[in-house]
Amino acid sequence: MYQITKRISFIFFVISLLTAFYINFNVNPTWVETQLQYQTYNNENGQLAYRASGQEVLIEDVIAYGDSPLRQSVLDTQQTQPSISEHWVYKNSPDDLALIKADFHFGFWSLLPAFVAVVLCLMTREPLVALFGGIVIGAVMLGRFDITHEVFIPNMATSSAASILILYLWLLGGLMGIWAKTGAAKAFADHMSQHYVKGPRSAKLVTWFLGLVFFQGGTMSTVLVGTTVKPIADKAGVSHEELSYVVDSTASPIASIIAFNAWPAYIQAFLFIPGVAILATENDRIAFFFSSIPFSFYAIFAVLGTLLLSLNITTFSGSPLKNAIKRVHETGELDAPNASPISAKELHQSQVPAGYSAHRLEFILPLASLIVIVIASFFVTGTPQIHWAFSGALFLSIFVALAKGMALKHVLEGFGNGLKGVVVASVILMFALTIGVLSKQLGGGIYLVESLGEHIPFWCLPIILQLMTMVIAFSTGTSWGTYAIAFPLGLPLAWTIAQTQGLDNPELFMMVCFATILNGSVYGDQCSPISDTTILSSMTTGCDLMDHVKSQIVPASYAASLAALLWTATVAVFA
């Protein structure tokens, strides 16, 4: 059976590769005008500027929209790449400014790299092979045949790639390796098992509660919660599918409900619509974000779903999770028979040198320092400084181990084992980042948004935006990247529909549409096998990546379906 699947996978990849060559040589890209609205201002030097990603950017050479070579009427006749990629224009008046960009897509072919990666993941259960296959397809479609120099080096020589290597390879891997060497994780698990955790249910409840406590969301929450509860849950007999689901499906959803984090400041930059008073200033847009939280139905149901599973209520869990629970009960095996966890086993085994006595505080103190640094840096700088936090935790763990008499060679050995334990997961993350960049450059998200029209019934728009963002985030593996695509296009569409169809409550309609984009992106990110949070949830809990994907997608889809019904009913009745 394995050989047959392997052969089918190879044939599928070859056909996809030939298709990619055909697209590169025979399919002309469709050029699309994209308008981005920012809140502009005159800085202290009197220069026109705007803020992007927290940085002030000066605006120069503003021209009239009618003179722009990037307006859609010009791009429709464009056969080659425009000479410029973006510039600022004024439309109705000198104060009505917009940043015009020229993007392109290959129609539904733009989704091919992500489709290939996901299909190969499902067929081969080898995420490295699947992601590499998707990258090759995307590179060929873009005509970048020297993949090493034109794809990998440019994408890996970025701050995002460096951040992944430093945080997830050196800092996280090193910290987990030190904890394994000192026995700190096992000592903490033993203490929790003796005093607080009495079985699988209480272990899952602790996991769920920590997911709420670490409400910063995304990769930080999954890493913090996963590394904290792994030894406890293993000792209590919780299957790795259950554990990874509770960790992953609590992290990002709770961040969109308890939004005292970096999300509002990041997202508000994409919400400006000229002439819409409720979105006029940055404070207005942040207030709009918080006013929309009650409509985050998917996030609410997702967090309730993990709570129900933690209470051993499996009505909405789906057969993969039920089978995992049954397997542990009957055999005691935490992984499926053919599972291939992407985290090395040595990180979850004690390697304490002779004569060294582990203490639970060696786990608790670095973890507490990590949390304090994250929270303090958020209030001081406005952004949680994850690298500072993990660096502090790692150095504190090393200092305590040396102070207690552990030989330096044993400390370095533990650090090295930690690096080896997460190197595969780090490469997977790098590949996931690369294929996400390629998917964005191919314009898959733009194609999906462009497929919408302004003449659809207003009550259909929320579920269409939800489905659109689910597909974009699933295909690219990023919710934040989906926000950058969907909000500048989806919200103006929602406002136009609210005005042209004469809705009585356009503000409520806008809030619901905002929530569908926010929540649809979270769902797609959660369920995508090429998402960093999905990969990290699997890595830190010791779960097979595809076992996690297949077990999580069922309850997540239940929550998304129920949310879609409520969004549709809300706008149909109240808008």
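# Close-up views of a predicted model

**View 1. Helix α12 crosses helix α21.** Helix α12 (residues 282-291) packs against helix α21 (residues 506-527) at an angle of about 75°, and their axes are 9 Å apart. That makes α12 roughly perpendicular to α21, a label for angles of 65 to 115 degrees (under 35 is roughly parallel, over 145 roughly antiparallel, and the rest oblique). Axes here are lines fitted to C-alpha atoms, for helices over the stretch in contact, and angles run from 0 to 180 degrees between N-to-C directions. Helices (H or I, at least four residues) and strands (E, at least two) are DSSP runs, numbered from the N terminus.

A quick note on the model: it is predicted, so local features need pLDDT of at least 70 and side-chain atom pairs count only at pLDDT 80 or more, while totals for chains, interfaces and linings use all residues. Residues are numbered from 1 along each chain as its sequence is written, and side-chain values use heavy atoms, with hydrogens and water left out.

**View 2. Who meets whom between α12 and α21.** On the α12 side you'll find Phe-288, Phe-289 and Ser-291, which meet Glu-507, Met-510, Met-511, Phe-514 and Leu-518 in α21. Contact means heavy atoms within 4.5 Å. Sorted by class, this contact has six nonpolar residues, one polar and one charged. (Ala, Val, Leu, Ile, Met, Phe, Trp, Tyr, Cys and Pro count as nonpolar, Asp, Glu, Lys and Arg as charged, and the others, Gly among them, as polar.) Ring pairs also link Phe-288, Phe-289, Phe-290 and Phe-514 into a cluster.

**View 3. Two aromatic pairs.** The structure holds 16 aromatic pairs. Rings of Phe, Tyr and Trp (its six-membered ring) pair if their centres lie within 6.5 Å; planes under 30 degrees apart are called stacked, over 60 edge-to-face, and the rest tilted. Phe-132 and Phe-152 make a stacked pair, 6.1 Å centre to centre with 5° between the planes. Phe-132 sits in helix α4 (residues 127-141) and Phe-152 in helix α5 (residues 147-156), so the pair ties together parts that are 20 residues apart in sequence. Phe-132 is partly exposed at 39% relative accessibility, and Phe-152 is buried at 12%. Buried means under 20% relative accessible area, exposed over 50%, and partly exposed in between (1.4 Å probe, protein chains only).

Now look at Trp-179 and Phe-363: their ring centres are 4.3 Å apart and their planes at 40°, so this pair is tilted. Trp-179 belongs to helix α6 (residues 159-182) and Phe-363 to helix α15 (residues 361-381), so the pair ties together parts that are 184 residues apart in sequence. Trp-179 is buried, at 4% relative accessibility, and Phe-363 is buried too, at 0%.

**View 4. Strand β7 and its partners.** Strand β7 (residues 97-105) is mostly covered, with seven of its nine residues buried. It pairs with strand β1 (residues 30-36) in the antiparallel sense over seven bridges, and Gln-35 stands opposite Ile-100 in β7. Two strands pair if DSSP finds at least two bridges between them. Strand β6 (residues 86-90) also runs antiparallel to β7, joined by five bridges. There, His-87 has Ile-100 as its bridge partner in β7. A hairpin of six residues joins β6 to β7.

**View 5. Pro-200 and what it touches.** Pro-200 is found in helix α8 (residues 200-213) and counts as partly exposed at 36% relative accessibility. Leaving out residues up to four places away in sequence, Pro-200 touches Ala-236, Gly-237 and Val-238. The C-alpha atoms of Pro-200 and Ala-236 are separated by 5.2 Å, although the two are 36 residues apart along the chain.

**View 6. Two residues with a positive phi.** Asp-61 is not a glycine, yet its phi is positive, about 55°. You'll find Asp-61 in the loop between β4 (55-58) and β5 (63-64), where it is exposed, with a relative accessible area of 65%. Asn-312, another residue other than glycine, has a positive phi near 65°. Asn-312 is in the loop between α13 (297-310) and α14 (319-331), and it is partly exposed at 42% relative accessibility.

**View 7. Met-406 in a loop.** Met-406 lies in the loop between α16 (386-403) and α17 (408-441) and is buried, with a relative accessible area of 5%. Not counting residues up to four places away in sequence, Met-406 touches Lys-181, Thr-182, Pro-353, Tyr-356, Ala-401 and Val-411.
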